[in-house]
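Student: Could we go through this fold together, one packing question at a time?

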Amino acid sequence: MIQSEVWKITGYRFTVHEHHQMETGHKTLFWCSQDAEQKKNSRKREDEHVRNRDTNLNKYDESIKLVSIHIRHHHKHVPYYDVSMPEEAAEIIRDNIITSTPNSLVHRIQLLYPQVTAPQIHSAWSTMSQEIWKKDPDQLTSARKLLENYGSLVDVFVASSEEGVTQISWGVKPIAMTINRKAEIVEIAMDATFETNQKHLELYCIMTEVDGVGFPISYCLLSTVDASVPGKRKRAIEHWMRQVKERYHLDPRHIGTDKDLGEIGPCQTLWPNAKLTISLATPYDPVKAQKVFPFINIGFVPKGQSDRNEREGGREGGGRDAVVEDPPAYSAPIAEVKLSGTPESANTAPVSLSPIANSAQPTLTIRVPPTTRNIPPVPPTSSTQRSNDPSVKEEVDTRTTWVFCPPELREAVINKMDAHRHAHPLIPGYADPSPEGIYLWAVRRMYKFCIDHDLRELWAYLWENWYRPLHWKLWTRSPSLEIPRLRTTMINEAHWRHIKHDFLHYFHKPRVDLLLWILITKLTPTYQRKLYHLTEDTGRYRGLACWRKAFKREWKKLESTPVTLPLPDEYRPWVKQWACTCASQAPNRFLLCKHLVQGVEPVSDIFFLEVTRIRTAPFWVHPGMVPKATLPQGYIDDEIAPVLVPADQQLDPPRQNEPQDGIESDEEEKDEYQAEAELILERTATYNERIDELARKLQNFSLGLLYQKQFRDERFLNVVEKQGSGFLRLLDSCLEKEKRQNANGGEPTSTWDPKAAYAMYYRTRPRSDSGEGA
């Protein structure tokens with residue numbers, strides 16, 4: 001108390017140097033310090049059996065207290081200035097807690113009080129705001145109470161009652177209700193993000209679009225690490241999404257999501273007629289492929305099948321509710337290729353092999369490619385198989401290197417897949433204008449490319465991950481009758497960036513209740529204002545979607561791009577339906593091409609502010625879009641345009657006794673998103689045991705390392721550093737990630753940083769648990 005009074009009167013700061021107890025009182029010697037940061041803070045003793053007690057300031061009678069102060073200043077130094085926060089600055093923070101963030105107050109306060117630092121403002125803002133959002137010492141209890149207090153802004157959903165599942169979900173009432181009242185929810189996107197709170201709960205969000213702009217309609221915080229029942233994550237997500245569907249009458253026609261099988265399954269269950277856009281992975285089965293397209297040769301298979309454990313989501317699905325499929329019905333013929341002669345002879349001589357796995361299958365003929373190509377080694381056969389089939393010739397294969405797809409062909413593969421992804425019946429010209437015709441065209445085109453370049457492994461990968469029926473419908477837009485506005489989950493990614501970079505950037509692993517308070521009170525008003533400007537007629541063109549500027553730039557660019565006349569035979573622009581058979585329109589973000597843009601009369605500036613995009617032809621609607629009276633030769637001016645389909649891309653008539661929708665049937669894969677209970681239970685039961693065993697070994701080994709210090713044997717240390725280099729890189733990466741995330745300043749760890757790649761799945765500890773202090 002005396003020390004504090006001296007500080008206030010003199011303006012000087014001191015640290016305690018000596019403190020002696022005398023018969024008549026106490027004697028304390030202070031040393032001058034340059035600022036308050038060097039003042040020693042009192043520390044509680046942590047020795048065993050020590051009980052810390054509060055100091056009673058009123059222990060002695062006021063009448064017998066005597067304070068004598070002697071000040072001697074031995075050294076001259078730079079004058080002090082007050083580093084404490086003025087009461088007026090604290091009042092500014094207190095008055096703007098609801099409507100501001102710490103960063104928005106820094107410039108305002110520092111203009112009035114330059115000595116106040118940004119960390120001071122942040123600390124004061126965090127401390128004062130706790131009175132609003134901290135309703136309970138327990139984070140989850142506080143978060144649920146907080147949601148109840150904001151009943152006018154959120155719809156609180158019932159959490160899953162399954163044991164081991166932690167779930168908090170709510171709907172953004174003002175945004176969802178406004179969109180339902182003003183427009184129809186046609187497209188939604190769903191995604192999850194991590195590292196947003198201390199409890200390591202995954203944050204999910206369902207977003208919809210209005211005029212190409214994303215708006216959140218519901219959030220869910222979820223963790224299933226404590227649950228051992230298989231499929232718990234998928235059921236928890238479906239439980240949340242079902243409530244969103246019922247509360248807001250959600251019935252989208254297009255759903256965008258990533259490769260998370262826990263999200264795909266509920267979407268297909270709740271909205272079976274919606275068009276999903278994702279991608280997946282499984283081993284290759286040529287028999288199933290041939291059932292869909294008879295021109296596929298079952299002998300055109302990789303030299304060795306892929307590992308069943310190497311599938312989407314990690315080993316056996318990585319515990320993410322993934323599918324463990326039955327073994328493929330067809331195994332690649334076990335055979336060896338005899339290499340003889342010069343490389344030229346190897347290039348031309350086919351080698352016929354008799355399949356062993358299934359004698360009913362046709363003879364497999366493998367043409368050995370040039371030696372300049374890297375070929376995978378042929379898997380050896382067992383001695384039993386060799387003895388039972390004398391037609392199989394034994395020869396040692398000396399080829400040891402292999403390239404999945406040569407670098408010079410990769411760009412061609414990507415370009416083909418991009419064209420297949422964007423093809424649609426409303427933009428005809430390359431195939432029969434139907435979903436089935438486009439599917440046939442794409443598969444035949446890619447299969448021929450792989451045949452021509454002998455890319456067996458590439459074809460197996462492309463078919464199982466992209467081109468088989470169930471997956472084809474998930475990443476291409478041709479199966480849908482419409483072309484959606486959203487092509488990816490980028491609105492979710494932009495939303496995560498908005499949350500993390502604009503708000504959570506100022507907090508170190510915020511509590512769950514603080515995260516909820518930020519989402520409800522900071523983000524929701526922002527989206528409400530944006531939605532108001534998009535849906536309400538204010539008499540001004542304010543708050544329009546940002547895509548309109550890019551649309552105008554693209555239109556102006558194509559308007560001035562030269563068009564070579566006469567047009568090639570394969571180009572047939574159809575202005576009335578806004579469709580062109582050139583290769584530029586389908587992949588264009590705005591479905592534009594120079595032939596169509598230059599086929600209409602010049603538009604006014606107001607056109608770019610009012611034009612509306614629809615999901616069916618003619619895609620863009622505005623009174624100012626008037627086709628030119630005289631169109632160049634090659635343009636289609638009829639109401640019904642002729643379709644030019646190459647003969648090899650026309651649909652074959654259906655075979656007898658074959659269902660018309662055969663290319664969409666895949667009965668054996670209906671359970672693709674169900675997990676095998678026994679495998680998941682086994683993984684869950686052994687996970688804790690594996691972690692405990694690993695931690696025990698590392699702890700014992702670390703004690704053994706310390707024991708080696710006394711021997712100073714460089715040979716042992718060199719062996720540890722060399723043989724354990726991989727593990728040491730993992731260790732350094734995890735600790736560096738934890739250090740950076742627990743630091744108050746500095747750049748956060750990037751997901752794509754090569755140094756942080758080892759620690760991608762490492763969940764960092766809070767400061768109190770990481771051994772680095774508060």
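Tutor: Happy to! Let's begin with a definition: a crossing of two helices is left-handed if the near helix is turned anticlockwise from the far one by less than a right angle, and right-handed if clockwise. Keep in mind that this is a predicted model.

Student: Which handedness does the crossing of H6 and H17 have, then?

Tutor: Helix H6 covers residues 173-182, and helix H17 covers residues 512-535. The crossing of H6 and H17 is left-handed.

Student: Are H6 and H17 roughly parallel or roughly antiparallel to each other?

Tutor: Their packing angle is about 15°, and the axes lie 10 Å apart. Angles under 35 degrees count as roughly parallel. H6 and H17 are therefore roughly parallel.

Student: How many charged residues does the contact of H6 with H17 have?

Tutor: H6 brings Pro 174, Ile 175, Thr 178, Ile 179 and Lys 182, while H17 brings Thr 524, Tyr 527, Gln 528, Leu 531 and Thr 535. Sorted by class, 5 are nonpolar and 4 polar. Lys counts as charged, and the number of charged residues is 1.

Student: At what angle to E7 does H17 run?

Tutor: Both helices lie over strands of the sheet: H6 lies across E3, E4, E6 and E7, at about 135° to E7. H17 lies across E3, E4, E6 and E7 too, and its angle to E7 is about 165°.

Student: Which are the edge strands of that open sheet?

Tutor: The sheet has 7 strands with mixed pairing, in the order E3-E4-E7-E6-E5-E8-E9. On average, neighbouring strands are turned by 20° against each other, direction ignored. Pairing on one side only marks the edge strands, E3 (154-156) and E9 (275-277).

Student: Inside the sheet, what is the bridge partner of Met 190 in E6?

Tutor: Strand E5 spans residues 187-193 and strand E6 residues 202-210, and they pair in the antiparallel sense over 6 bridges. In E6, the partner of Met 190 is Ile 206.

Student: And how are H3 and H4 oriented to each other?

Tutor: H3 (residues 102-112) and H4 (residues 118-133) pack at about 125°, with axes 9 Å apart. H3 passes H4 in a right-handed crossing. Angles of 65 to 115 degrees count as roughly perpendicular and those over 145 as roughly antiparallel, with the rest oblique. H3 and H4 are therefore oblique.

Terms used: Residues numbered from 1 in each chain as written. Predicted model: local features only at pLDDT ≥ 70, side-chain atom pairs only at ≥ 80, totals over all residues. Heavy atoms only, no water. Axes fitted to C-alpha atoms, helices over the stretch in contact; angles between N-to-C directions. Helix = DSSP H or I, 4+ residues; strand = E, 2+ residues; numbered from the N terminus. Pairing = 2+ DSSP bridges. Contact = heavy atoms within 4.5 Å.
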